[in-house]
Amino acid sequence: MKIALLHLATRPDPEETLNKALELLREAHRQGAALAVLPELFPSVYRYELAQKTPQVLAALQGLAHQTGMWVLAGVLEPAGERYANRAKLLGPQGLLATYTKTHLIPAFNEPATMIPGSELVQLELGGFRAGIAICYDLRFPELFRSYAVEGVNLFLVPSAWPMSRSYAWELFCKARAAENQAYLIAVNHAEPPFGAASLAVDPLGMELLRLEAEGVGVVELDPSYPARLRQEFPVFPQRRPELYQGLLKSPISK
């Protein structure tokens, strides 16, 4: 399956951002992508007043998915009662396929005070893969990715808005989450400051397949059979000792 990473800068004008996203999506289609991934909160970032425009953004993306036959995964901001939700929406030619709400809210951007946390993980069959969705800060919580992997997920899709100032951690987490779970990982970031860490495609060994540092489209072709072959040739999961990991179920100790 060919997957397009759209390393996109959010403009002050959300309509301009959407138009650029549509332009890049058409280019992804020309390059043969079956799935295209946009960044976290791509039309708005943390401009909450723009959440009201999300239905129009999703309608435009849905129209393009229908025209091209592609799947499109996009990070958007939606109203959620008196707060908001940071969500990744997977759209297909026939409509909405999945919605993931960000599970771990990052204090650095005041998310716990303004957003609701997600309470469900989302996985689905996609182009021969078992795909699991996460968003940005979720990368700091390896137990989320391991829970996906033990259920057979072999492709992680991670729309993000990761700061350039912490790009060292971004690259470490992306490659570690892929290698420790023997799964592909697609992590797509914003192209503008203060974000701007590179968008990455990583293979199940943790090796970098594709890097985007300037706004644009990158397409990578992934082999759905490779994670299963690797897990058989180098069987990590049978050595797990879940009975020793009960501390994962405990709340963190407050200081």
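Let's start with strands β3 (residues 71-80) and β4 (residues 83-92), which run antiparallel and are joined by nine bridges. One of these pairings links E78 to A85 in β4. Strands here are DSSP runs (E, at least two residues), numbered from the N terminus, and two strands pair if DSSP finds at least two bridges between them.

A word on the model: it is predicted, so local features need pLDDT of at least 70 and side-chain atom pairs count only at pLDDT 80 or more, while totals for chains, interfaces and linings use all residues. Residues are numbered from 1 along each chain as its sequence is written, and side-chain values use heavy atoms, with hydrogens and water left out.

Zooming out, β3 and β4 sit in an open sheet of six strands with mixed pairing, in the order β5-β4-β3-β2-β1-β12. β5 (95-101) and β12 (216-221) stand at the edges with a single partner strand each, so one side of each has no neighbour in the sheet. Neighbouring strands are turned by 30° against each other on average, direction ignored.

Next, hop to H190, in the loop between β9 (184-188) and β10 (199-202). H190 counts as buried because its relative accessibility is 0% (buried means under 20% relative accessible area, exposed over 50%, partly exposed in between; 1.4 Å probe, protein chains only). The H190 side chain reaches the backbone oxygen of E40 at 2.5 Å, and it also makes a polar contact with the side chain of E192 (3.1 Å).

For contrast, look at L249, in the segment after α6 (226-233). L249 is exposed, with a relative accessible area of 71%.

Conventions:
Helix = DSSP H or I, 4+ residues; strand = E, 2+ residues; numbered from the N terminus. Polar contact = N/O pair within 3.5 Å; in protein donor to acceptor, adjacent residues only side chain to side chain. Axes fitted to C-alpha atoms, helices over the stretch in contact; angles between N-to-C directions.
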